[in-house]
Structure formats: structure tokens, C-alpha cells
Amino acid sequence: MKKGIATAGILIGCVCFLLAAPSAQATVFLMDGKLQVNGYFKEQAYLRLDIPKTEDHFHKSNFDFVRTSLFFESLYKMHESEDYTINLFTGFRYYWMHDPHIDSQLKRGIPSCSYKEYTHPRGEDFITEAYVHFIKGPFELRAGKQIVVWGETDIKRTADVINPLDVRYGSPGTEDWETLKLGLWMLRGFYQTDLPGNLMFEMLVIPGDFKYTRVPIEGTHYGPSPANTSFNPGKGFGIYEWVQEKARRDAPGWGLRNTEVGFKIRGYTWDIDWSIFYFNTRNDSPTANGNFSKFANTYVFSGLKSILTGSKIDPKFPGYKVFNYKRYEVIGGTAQTIIEKLHGSEWRFEWFYEMGNHFNKGTNNDSSEIYAECERDTVGGGLVYSDRFTIPWFTHSLANDKKLSLSLSMFYEKVLGDFHDIIIYESGRGHRPGDSHATEFVWSISQQLFQSQVMLMFTGSYNPIGKYFLCPILSYAPGSHWRWEMALPIYGSKASGNKGLHDKDSILFRIRYEF
């Protein structure tokens, strides 16, 4: 009953907000146009549709994600002449997670070692990008913290291999890639040639800045519940956070040994916009070494002690190393074109070949039975089809001649060589335990209404292992400032070893003021 009242309240509140939204103008120009500033202020909340009884100890309400965000970026034209141009680009963000304060019981499930990092940005996380952009003729140089876009597929990353991800507060499908990426300090240069195909050469060097993938924290909306991972729920964090915290502690920091180098060629040939790239990198996700069993048993002993004595689960992190972030190489490419004979549709293909990537081996592909590391090559690709359609009567009469947009994608990945006992940790890669290959289908359908003020969208994905994601979205944008969005992300999985967010079906409500 309470759940139904809360849901109805959210829906009614959304309608009231939609009707009250004012109209305004966006983007701010200062200093006679030399300084351009834009950004947004955002409120975002998830209302869980169902919380299992086993999690009652960690919830007083169905809200387990409430976040205030502020983001702004600026472009300052430091020098502009016929000879050369110098621009300074900066991006800053701040966020505050309200949910542990709104629902005090949530704090019981969030490990103390991760609590501050979860609720507020720490260190350089305030800065998303900060670089100087120098342009002289066909040469460009960007020096500083940057986010690089080498691929443009939906939900699944294929050729976009440079920046690691932060998925603690969002996932592909509910957040855009730019929000999820972590900026890296680098030198990035371009040279535009007059060669056939209008070739452009790009090279980047990341001189020692290493960042690991930020995975969801236990007890939070996107992370697992300690009710499922702790030996004694309520008496301390679970084994998931024990493993993830050690992986964070073992990650390399700044150092020249972490230097990464990338090279890309982009051209336009036979009406195809194409690119080929190479990237020598250190893996953003770790593999475990031979100390893993000893390390895991340390937690097990503490958990058993907690059950027997009622004491808190509080094992001490060992000084020895457990996780390695190994180096590997990747080559890949993209190709995009419009095929007029196929309804003027747009087609995009991205591919990658990873050389010497590292995986763990576990008895019967079980991550709790790790016994070795191994190297394997991996190949994969994504094919994207995009088109627009006119719906008789509807498009002209109700949509002001705005056509329905459709995007369909198919992704495939295969680990080459012997796959016996190999473990694929990342659930996003879509492998069934024991399967060397994975396939996933992704779609996005959108329709603008009422002079483009209203957008109806339906995005989702399906993996043949029985895993799916469905997300209908309603967006209202009166004018240039306000964005009001409501979505219903639904997750499911029949795969016991790859469930992802299967228990996090929610109502997502997002208010954004853009400037």
C-alpha cells in the first residue's frame, strides 16, 4: 500500500512540475564573447519498485538514490589571430548524494571506507576536463585533462577505448557516455593533411595518469546489497566490498610506467567516414594473482567469527598485493556512411582486436575458485543502423513533421584460444559463464511532439543469455533551460552468473536546469 501511494505521489508530482516549468534562454557569453559558459544544475532520484525483505535492515523507504549535481564548462579564447589560436577549456562538477541522509538506514549498508568518496567528489574528481587548445594551420595540440571520443555506439562501448568509466552513479542507457567517463591528463595532437581522403592524423600520450574503473559501491543503488554479500548482514561489509576495496588499494598511481600511447588515422573515402587506431594501455580492470585465495579466506574467517560471537566483521587489509592491472594492446576502427538506396539510412560499424588482454582462471569458471592468470586475444564489433520514418497522419498532425527516429545495434565479442575455466568479471561484456563469445542487441526509438518540447523514448538491450534492459523515457523541455524527465529502467536476467541490476527496477525522476 505504501509503495503504491509513493508511486502515485511521484507521478502526480511529475505532472505538476511539467506544467509549472518556465521558458528561458541557454548559454552565457561574457567578456565581449571571449568567454562562453554553460552547464546544468540537476536533481535526480530513483524510487525502487520492489525491495526484497532481506534488505529491510538497510531501508526505511524505497528511495535509495537521491543526488544533486552541478556541472559547468567554459571556453575562454585566450588568443585569436590569423597566425594561431589559443583556447582554454575547463569543466567542473560537484555532487552531493542525499540518500544516506534522507534514509539513515542506508548508511548501515555503505562501507565506511567508501562513504565519503560516494557522497562527494574527492581530489581531482571536481575537474572533468581542463586543457589548453593550440591551433596553427593544420596543426592542433591539446594539453591537459581530456575526455576522448573514438567511438559512438549506444549502451555498449566498442571502439571508444581511451577513458575509463565511473559507473557508481549511473549506467549506459540511463546516463550518457560523457557523464560516465573519467578524464585523463594527456597530450593530444592532430594534423589535417591534403592527402586523398582528407586524412587526419591524431596521436595521444597519457604520461603516467592511471585511473581504474569505478565500480558500484556495496549498499548503494547500483551496488549489491550487503544482505546478499555479507556473512552476517548488519555486522559489517560483504565480501564484494572486501574485494573491491583491495582492488582500489592495489591500483597503480601516477608513474611513467603507466604511460599509454594511442594513434589514429581518420579519412573520408567513397562516401565512408572511417578511422583506424592503435592504443597501448594498462587494463582499467584488474586480475587477481596467486594470493587471492589467502586474501578471500581472511574475510571468511572474520565473517565466521562474527556469526559465532556477534562481533563486527572487520578483517584487516593485508599488505601483500592481490590484484594486477596488466598492460595490453588494442587495434580497431570505425566506418560510417549513408546508404540512399536503403531509405537514406545511416550505418556505422566499429571493431576492435585486443592483443594480450589478461583474464583469471577459476575452477568451472567460478570467480571464488581462482587459481591462475592467462593472456588471451579478444575480437569484437558493433553494427549500428539508424533511420527516420514518417507515420501517416501522426507525423504531420501531432508531431509537427518530426519523424520517428530508430536506432538498432548488434554487438559481438569472442575471446580467442582455449577458454577452459576463464572468468569474465565484467557483467557488461555479456558472457554466459563458460562461453567464449557474447552477443547483445540494443535499440533506441524516439519521437518528438509539440514543437519538440516533448520527447518520447524507448531504449533497451537484450542478450540471448536471458538478460535484458528496458527503459521508456518521457522528457519535457520548455524553452532552452529546463529539462524534466521521468523514466522506468527495468532489468532482468535468467543467467545465474550474470545478473547485473536485475533487482533494481525503479522510477527515475530527473530535473535539470541548463545554462
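Tutor: What follows is a walk through a predicted model, taken topic by topic.

Student: Which residues of H7 are buried?

Tutor: Phe292, Phe295, Ala296, Tyr299, Ser302, Gly303 and Ser306. Seen down the axis of H7, those buried residues fall within an arc of 120°, so they line one face of the helix.

Student: And what is on the face turned away from the buried side?

Tutor: That face of H7 carries the exposed residues Phe301, Lys305, Leu308 and Thr309.

Student: What covers the buried residues of H7?

Tutor: The cover includes two helices, H5 (226-229) and H6 (239-250). It also includes strands S11 (287-288), S12 (323-324) and S15 (370-389).

Student: What follows H7?

Tutor: Glycine 310, which has a positive phi, near 80°.

Student: Now H3. Which residues are buried there?

Tutor: Helix H3 runs over residues 112-119, and its buried residues are Ser114, Tyr115, Tyr118 and Thr119. They cover an arc of only 125° around the axis, which puts them on the same side of H3.

Student: What do they pack against?

Tutor: The buried residues of H3 pack against strand S3 (63-80), strand S4 (85-97), helix H2 (99-102) and H6. H6 is also among the elements covering the buried residues of H7.

Student: Changing topic. How many cavities of 30 Å³ or more are there?

Tutor: The count comes to 2. The largest cavity has a volume of about 70 Å³. It is lined by 14 residues, and the closest to its centre are Glu55, His59, Gly219, Thr220 and Ser225.

Student: How does that lining divide by class?

Tutor: The lining of the largest cavity has 4 nonpolar, 6 polar and 4 charged residues.

Student: And the second largest cavity, which residues line it?

Tutor: Arg93, Asp125, Ile127, Thr128, Lys145, Lys181, Leu182, Gly183 and Lys211. By class they divide into 2 nonpolar, 2 polar and 5 charged. The space in this second largest cavity is about 50 Å³.

Student: Single residues, then. Where is leucine 165?

Tutor: Leucine 165 is in the loop between S6 and H4.

Student: Is it buried or exposed?

Tutor: Leucine 165 has a relative accessible area of 14%. Buried means under 20%, so leucine 165 counts as buried.

Student: What does leucine 165 touch?

Tutor: Leaving aside residues up to four places away in sequence, it touches Arg157, Trp177, Leu180, Lys181, Leu182, Tyr212, Thr213 and Arg214. The C-alpha atoms of leucine 165 and leucine 180 are separated by 5.4 Å, and the two residues are 15 residues apart along the chain. Lys181 and Leu182 are also among the residues that line the second largest cavity.

Student: Where does glycine 151 sit?

Tutor: Glycine 151 lies in the loop between strand S6 (139-146) and H4. It is buried, with a relative accessible area of 9%. Not counting residues up to four places away in sequence, glycine 151 touches Ala159, Asp160, Arg348 and Glu350.

Student: Last one. Where is valine 442, and what does it touch?

Tutor: Valine 442 is in strand S18 and counts as buried at 4% relative accessibility. Beyond residues up to four places away in sequence, valine 442 touches Asp154, Ile155, Lys156, Ser407, Leu408, Ser409, Phe411, Gly460 and Ser461. Valine 442 and methionine 410 are 32 residues apart in sequence, and their C-alpha atoms are 6.3 Å apart in space.

Key: Residues numbered from 1 in each chain as written. Predicted model: local features only at pLDDT ≥ 70, side-chain atom pairs only at ≥ 80, totals over all residues. Heavy atoms only, no water. 1 Å grid on protein atoms, 1.4 Å probe; cavity = no way out; pocket = protein on both sides within 12 Å on 5 of 7 lines; lining within 4 Å. Points joined across faces, edges and corners; volume = space filled by probe spheres on them. Nonpolar A, V, L, I, M, F, W, Y, C, P; charged D, E, K, R; others polar. Buried < 20%, exposed > 50% of the residue type's maximum accessible area, 1.4 Å probe, protein only. Helix = DSSP H or I, 4+ residues; strand = E, 2+ residues; numbered from the N terminus. Arc of directions from axis to C-beta. Contact = heavy atoms within 4.5 Å.
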